[in-house]
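Hi,

Here is the structure I promised to pass on to you. Have a look at it first, and then read on for what turned up in it.

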Amino acid sequence: MVDLVVACSIDEGFYDELGGYIMWETPQVCRNSCERRLNVGLNGELVERAVAEKRGFVVRDNVTVHVSIPNNAEGGYRKSLLAGGLYQFYIFHLYLEQIVVEDHVGTRVRFQRSLSTPLLPCHIFTANQTAVAERAFAVHLGNVPEDVALLAVRLNGQEFAVPFPNTSAYSLTEVVYPNNTRGYTLKVPFQDSLVVQKFVQVATLQYELDINFTLAVLPENEHFYRLAIIEALFSPPSFAATCSHSGISFHLDREPSDYLWEVRVGADLLTPELAAQRTYNLSDDGQSLLLKVPLFSEGYAYRDVTLQGFFGSFGILVRDPETLIEGTTMKTCLFSTAEFILCSTDGTMTVVAAVSLALPTGGVPAETHLVDQYCEPRETDGTRALFSYPVNSCGSSIKLGKGNVTYQNEILYSSKMYLSKGGEFSGDATERVLVQCTYPVASLYRLFSAHKFESDVAGVGSIIHTTEAPAGTLAVLFFST
């Protein structure tokens with residue numbers, strides 16, 4: 001026989017908010033050198049200490065026996081309630097057994113105690129999971145307890161019962177989590193009539209959706225609500241543009257929503273085929289897009305042309321075909337080259353050409369003109385001359401080719417200057433300078449009009465330095481002012 005006096009714990013339990021445990025302690029049955037084992041469980045079911053610890057229990061056996069029960073322990077009871085907000089509490093029916101062996105005689109002492117937590121806040125949250133690339137709002141309602149039901153969803157003031165019918169444009173997906181809570185993901189298309197749309201910046205469209213989730217605590221059926229105000233900005237991707245001596249480069253770091261946008265040069269969709277046709281250098285590895293546009297390629301606009309240089313501009317347009325939102329990246333750079341020729345859509349040829357070898361000894365570029373001697377340079381320096389004139393004037397000749405038309409002129413030394421100098425020098429020029437612009441015939445509205453020139457595209461210019469003498473009449477038609 002073993003005589004025992006067993007002290008019963010009066011501990012009511014303590015809740016550890018940081019760890020999420022409810023803790024209880026009781027005196028040891030035997031404090032001497034007796035052999036002792038512990039079994040612990042809930043609801044009258046006992047398991048060995050090692051098994052309980054694998055289930056999340058914390059058992060310490062020192063001067064007292066200390067048991068900590070996690071909130072999510074299997075066998076506990078959880079309840080939600082409304083009290084100015086959503087709260088919850090847990091109840092556990094603890095069962096503890098101490099087995100004492102002394103002098104080969106075993107004694108079992110069992111304790112039963114009901115433990116409850118204080119009222120704990122229950123946070124049901126909303127998370128914005130919207131991806132612009134999907135063109136839809138995605139809002140997650142999470143941490144919904146198992147005794148709370150989602151009854152309805154109000155979208156910008158209009159209420160819908162859940163679940164939605166199969167024909168609805170909206171979707172609601174439920175997920176059950178291991179901690180016995182649930183989550184719901186609501187999806188609403190941007191283009192739905194209930195979604196508010198407004199432009200907040202140029203080419204930036206903002207979508208707005210006010211969501212009110214109606215929930216109820218069961219079985220009391222007490223209603224409460226969770227609100228979410230979601231905004232999404234839909235704006236075109238922006239290219240980074242840089243200048244170089246040979247042209248302009250455009251770089252774009254890819255985003256998931258970039259596939260929604262068309263990239264255009266003017267009215268034309270930017271494709272590898274278009275880039276190859278226009279001598280652009282286009283690379284796109286899915287992570288970034290790089291477009292290098294050589295100077296004088298199709299698509300440039302030019303202004304402020306002088307002998308010192310000129311400004312060239314090139315633009316990329318991005319467009320969403322569904323919303324028709326557009327954004328443009330325009331880059332203007334200052335270029336300087338020794339020679340260049342520009343052929344505009346309005347038929348203006350602007351050319352800076354080196355003319356030294358086309359002059360007789362003693363001649364200067366200021367003494368040059370075109371075929372029509374009244375078409376003189378606008379600006380000159382020691383070796384070059386700048387001319388700007390309508391292609392169908394100044395004595396230009398027209399040559400018709402297969403699918404194109406070429407307007408050609410020549411930079412000549414002034415015969416008036418030759419005569420005014422009394423023939424003191426000989427005509428020892430070593431080359432001729434021809435300038436020409438070529439346009440596709442299909443792009444021209446008035447091929448032989450002397451009054452107005454119109455082309456859909458800019459022409460392709462050439463400056464030809466040749467030592468060949470004129471070989472007869474090459475033109476089929478001449479214009480003069």
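Let's start with a disulfide (a pair of cysteine sulfur atoms within 2.5 Å): the torsion about the S-S bond of C243 and C333 is about -80°, so this disulfide is left-handed. The two sulfur atoms are 1.9 Å apart. The pair links distant parts of the chain, with C243 in strand β20 and C333 in strand β28, 90 residues apart. Strands here are DSSP runs of E with at least two residues, numbered from the N terminus. C333 is buried at 2% relative accessible area, whereas C243 is partly exposed at 42%. Buried means under 20%, exposed over 50%, and partly exposed in between, using a 1.4 Å probe and protein chains only.

A word on the background: this is a predicted model, where local features need pLDDT of at least 70, side-chain atom pairs count only at pLDDT 80 or more, and totals for chains, interfaces and linings use all residues. Residues are numbered from 1 along each chain as its sequence is written, and side-chain values use heavy atoms, leaving out hydrogens and water.

The structure holds 3 disulfides. Another one joins C343 to C437, and C437 is buried with a relative accessible area of 0%.

Now back to C333, which is the bridge partner of G312. Strands β27 and β28 run antiparallel and are joined by 10 bridges; two strands pair if DSSP finds at least two bridges between them. They form a hairpin with 6 residues between them, and L324 in the turn has a positive phi of about 65°.

Enjoy exploring!

Conventions: Helix = DSSP H or I, 4+ residues; strand = E, 2+ residues; numbered from the N terminus.
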